[in-house]
Amino acid sequence: MRIEKNSALLVIDIQQEDFKEMNETNMNNPEWSCIRNAKRVLDVFRARKLPVIQIKEVHRPNMVDFGRELDGAEDIHCLENLPNTDYAKLTYPIEGEYLISKRRYSAFFGTDLEILLKGLHVNTLYLIGGLTDVCIHYTAVDAHQNDYHIRVVTDAVAGSSEEAHSYALKAIQYLQKNALVTVADIENSN
């Protein structure tokens with residue numbers, strides 16, 4: 001496998017709220033594997049000086065921008081005035097990385113992601129983070145609809161359940177047959 005030169009890494013919703021429980025006692029859960037693997041992918045992109053775009057979900061404290069999101073299984077989360085809404089420490093943005101806040105599942109919806117990607121001349125997006133069946137899936141679909149090549153790093157994303165994770169990956173692969181890659185693929189790429 002080869003990482004295309006016009007690629008960018010989207011680090012999606014790796015935030016302290018989702019990963020605050022990470023410690024030595026639960027290192028085998030899927031979320032902990034996801035964030036450790038995400039860090040490995042992030043290290044490759046940083047070493048190659050490829051664009052890294054850190055995306056976080058954030059909502060106003062008065063909840064005016066949640067829209068229909070609270071109609072589903074999710075409770076109130078990612079309020080902008082809470083410290084746990086910040087990026088997770090292990091994958092925390094460094095100088096030179098691009099930061100985007102989103103208020104919906106897709107990183108394209110209502111953000112300047114498209115303008116940024118055009119300015120960077122990106123045509124291939126690598127996605128890590130969570131949730132596979134929500135924000136990763138919706139971002140991948142919008143990337144596909146906007147004619148980007150998509151690569152979801154399957155062992156650097158985590159879903160709301162193993163079943164939902166698996167179904168989301170199948171749906172993404174349906175869109176683009178080469179969309180699914182692994183951390184090993186990234187680390188062994190030219």
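**Fold and packing of the predicted model**

Buried residues account for 48% of the 190 residues in the protein, where buried means under 20% relative accessible area, exposed means over 50%, and partly exposed lies in between (1.4 Å probe, protein chains only). The structure is a predicted model, in which local features need pLDDT of at least 70 and side-chain atom pairs count only at pLDDT 80 or more, while totals for chains, interfaces and linings use all residues. Residues are numbered from 1 along each chain as its sequence is written, and side-chain values use heavy atoms, with hydrogens and water left out.

Along the principal axes, the C-alpha atoms fill a box of roughly 45 × 40 × 35 Å. The protein exposes about 9700 Å², with carbon and sulfur atoms supplying 50% of that area (Shrake-Rupley method, 1.4 Å probe; for residues, only the protein chains shown count as cover). Among contacts (heavy atoms within 4.5 Å) between residues at least 6 apart in sequence, 76% join residues at least 24 apart.

Turning to secondary structure, the protein has six helices and six strands, defined as DSSP runs numbered from the N terminus (helices: H or I, at least four residues; strands: E, at least two). From the N terminus on, the elements follow the pattern β-α-α-β-β-α-β-α-β-α-β-α. Six strands form an open sheet in the order β3-β2-β1-β4-β5-β6, with parallel pairing; two strands pair if DSSP finds at least two bridges between them. At the edges lie β3 (98-102) and β6 (180-181), each of which pairs on one side only. Helix α5 (residues 162-175) packs on this sheet and touches β5 (149-158) and β6, its direction making about 165° with that of β5. Here, axes are lines fitted to C-alpha atoms, for helices over the stretch in contact, and angles run from 0 to 180 degrees between N-to-C directions. Strand β2 (residues 52-57) is joined to β3 in the parallel sense over five bridges, and Q54 has L99 in β3 as its bridge partner.

What about the cysteines? With a disulfide taken as a pair of cysteine sulfur atoms within 2.5 Å, the count is zero. The closest cysteine sulfur to that of C34 is in C135, 12 Å away and therefore too far for a bond. C34 is buried, with a relative accessible area of 1%, and C135 is buried as well, at 3%.
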